[in-house]
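Subject: Structure handover

Hello,

Here is the structure we talked about. Please load it first, then read my notes below.

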Amino acid sequence: MLTDITAARDAALAEIETADTLESLSTLTTRLSGKKGDLARLKTKLGSLETVDEKKAAGQAINEAMTAVSAALDGRRSLLASQAMAEQIEAERLDLTEFVGKPARGHAHLVTQAWERLEDVFIGLGFQVAEGPEVETDWHNFEALNMSEGHPARGEFDTLFVDHVPPDGRVGTTLLRTHTSPVQIRTMLESEPPIYIVAPGRVFRRDTPDATHMPVFHQIEGLVVDRNITMADLAGTIEAFTKAFFGPGFTSRLRPSYFPFTEPSAEFDIQRPNGDWIELGGCGMVHPNVLRAGGLDPEEWSGFAFGFGIDRMAKERHGVEDIREMYTNDIRFLEQF
Ligand code: PHE
């Protein structure tokens, strides 16, 4: 009997050692510890033994064998489980080696770069950044800027109107802003002077795209309102900006011009170190009617304003031939900047 027990135990232990998957071990566990297992069967034969001592010795041997078998099963199970886990981790491992080294990184669009640099330069000159909505009222975009209905200058802004009936029922008075100048009005209405702001943003005109025009483009507006502001402050600010943004080799000039919302008005040009002049934008002293529309007394306050195209600046700075290139989003073009 004792020999049978030892043989059954050794056979079981050997079989456990050969189980190489958790599934086969599980089948083996059911068989070895079930009622039909060899040790369980030997246990049922204990009654046939002659003496009490023999029964006692055999019973003890069977219990010890069963304990050894179940310990071996447990040990084998945890070994196989940790192997399976290691295999799964290995199989699911992400190969990150391709990210080592210099990853391909994107960067801000060249118009965004110009926009941000412009903000930086003006913040450096003591300005704050303001903004206004892209969908505007006729009043903010024209009327309050001294262009009442029928003013011929309105014709120069090829306006895109929005299909929207405002609360006052005046159809055709909601539009996509044609310039950033309505932000002048909003700023004056919302804050008290002294005002030193720039307002970069998107503007819209009913233009056919060509090398120098896009129906959607960007402007940056400047507005200063304070006491005793003169044209000299305007010229000095433009010159300081030109040198800060383009470099010390650049200079600026003002040329008489006309805008309904400034008086006197000027165009401002910058001169490249090679002597070429480039037209950048418009400017002037804020018209008294505009100050009044902004809720300010022109006897007490004076100011200047300017506005110019951001896209054009980016174009000039990088020597881009055709402004449309900046919006076709061809990665081979964009990657260069
Ligand atoms: N808003 C004008 C334009 O779009 C530019 C400008 C701004 C001129 C401020 C004078 C003062 O052409």
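Two strands count as paired if DSSP finds at least two bridges between them. By that rule β8 and β9 pair: they run antiparallel and are joined by 5 bridges. Within that pair, Cys283 has Phe306 of β9 as its bridge partner. Please keep in mind that this is a predicted model.

**Overall layout**

The protein splits into domain 1 (2-92) and domain 2 (110-334). Their C-alpha centres are 88 Å apart.

Look at α1 (residues 2-18) and α4 (residues 52-92). Their axes come within 10 Å and cross at roughly 5 degrees. Angles under 35 degrees count as roughly parallel, and α1 and α4 are therefore roughly parallel to each other. On the α1 side, the contact is made by Leu2, Ile5, Arg9, Ala12, Leu13, Ile16 and Glu17. On the α4 side, the contributors include Ala57, Ala61, Ile62, Ala65, Val69, Leu73 and Arg76. An α-helix has 3.6 residues a turn, so residues three or four places apart point the same way.

**The sheet**

In what order do the strands of the open sheet run? The order is β1-β4-β5-β9-β8-β7-β6, which makes 7 strands, with mixed pairing. β1 (128-129) and β6 (251-259) stand at the edges. Each has a single partner strand, so one side of each has no neighbour in the sheet.

Some pairings inside the sheet:

- β4 and β5 run antiparallel and are joined by 10 bridges. Val203 has Phe217 of β5 as its bridge partner.
- β7 (residues 262-271) and β8 pair in the antiparallel sense over 8 bridges. Thr262 stands opposite Val286 of β8.
- β7 and β8 also form a hairpin, with 5 residues between them. Gly275 sits in that turn and has a positive phi of about 100 degrees.

Strand β8 (residues 277-286) is mostly covered, with 8 of its 10 residues buried. Helix α8 lies across β6, β7, β8 and β9. The helix runs at about 130 degrees to β6.

**A covered helix**

Is helix α7 mostly covered or mostly exposed? α7 (residues 182-190) is mostly covered: 7 of its 9 residues are buried. The buried residues are Pro182, Val183, Gln184, Ile185, Arg186, Thr187 and Met188. What covers them includes three strands of the sheet, β4 (195-204), β5 (216-226) and β9 (302-309). β2 (135-137), α6 (138-141) and α9 (288-293) are also among the covering elements.

Helix α6 holds Asp138. Asp138 is buried, because its relative accessible area of 7% is under the 20% cut-off. Beyond its neighbours within four places in sequence, Asp138 contacts Glu143, Arg154, Thr173 and Leu175.

**Salt bridges**

How many salt bridges are there? The count comes to 18.

- Lys243 and Glu239: the closest N and O atoms are 2.5 Å apart. The two residues are 4 residues apart in helix α8 (residues 231-246), so about one helical turn separates them. Lys243 is partly exposed at 33% relative accessibility. Glu239 is partly exposed at 22%.
- Arg324 and Asp322: the N to O distance is 2.7 Å. Arg324 is partly exposed, with a relative accessible area of 35%. Asp322 is buried at 19%, because buried means under 20%.
- Arg332 and Asp330: the N to O distance is 2.7 Å. Arg332 is exposed at 63% relative accessibility, whereas Asp330 is partly exposed at 26%.
- The network: salt bridges link Arg253, Arg255, Asp269 and Glu279.

**In brief**

α1 and α4 are roughly parallel to each other. The open sheet has 7 strands, and α8 lies across four of them, namely β6, β7, β8 and β9. Helix α7 is mostly covered.

Best regards

Technical notes:
Residues are numbered from 1 along each chain as its sequence is written. This is a predicted model: local features need pLDDT of at least 70, side-chain atom pairs count only at pLDDT 80 or more; totals for chains, interfaces and linings use all residues. Side-chain values use heavy atoms; hydrogens and water are left out. Domain bounds come from an automatic or database domain assignment. Buried means under 20% relative accessible area, exposed over 50%, partly exposed in between (1.4 Å probe, protein chains only). Contact means heavy atoms within 4.5 Å. A salt bridge is a side-chain nitrogen of Lys or Arg within 4 Å of a carboxyl oxygen of Asp or Glu. Axes are lines fitted to C-alpha atoms, for helices over the stretch in contact, and angles run from 0 to 180 degrees between N-to-C directions. Angles under 35 degrees count as roughly parallel, over 145 as roughly antiparallel, 65 to 115 as roughly perpendicular and the rest as oblique.
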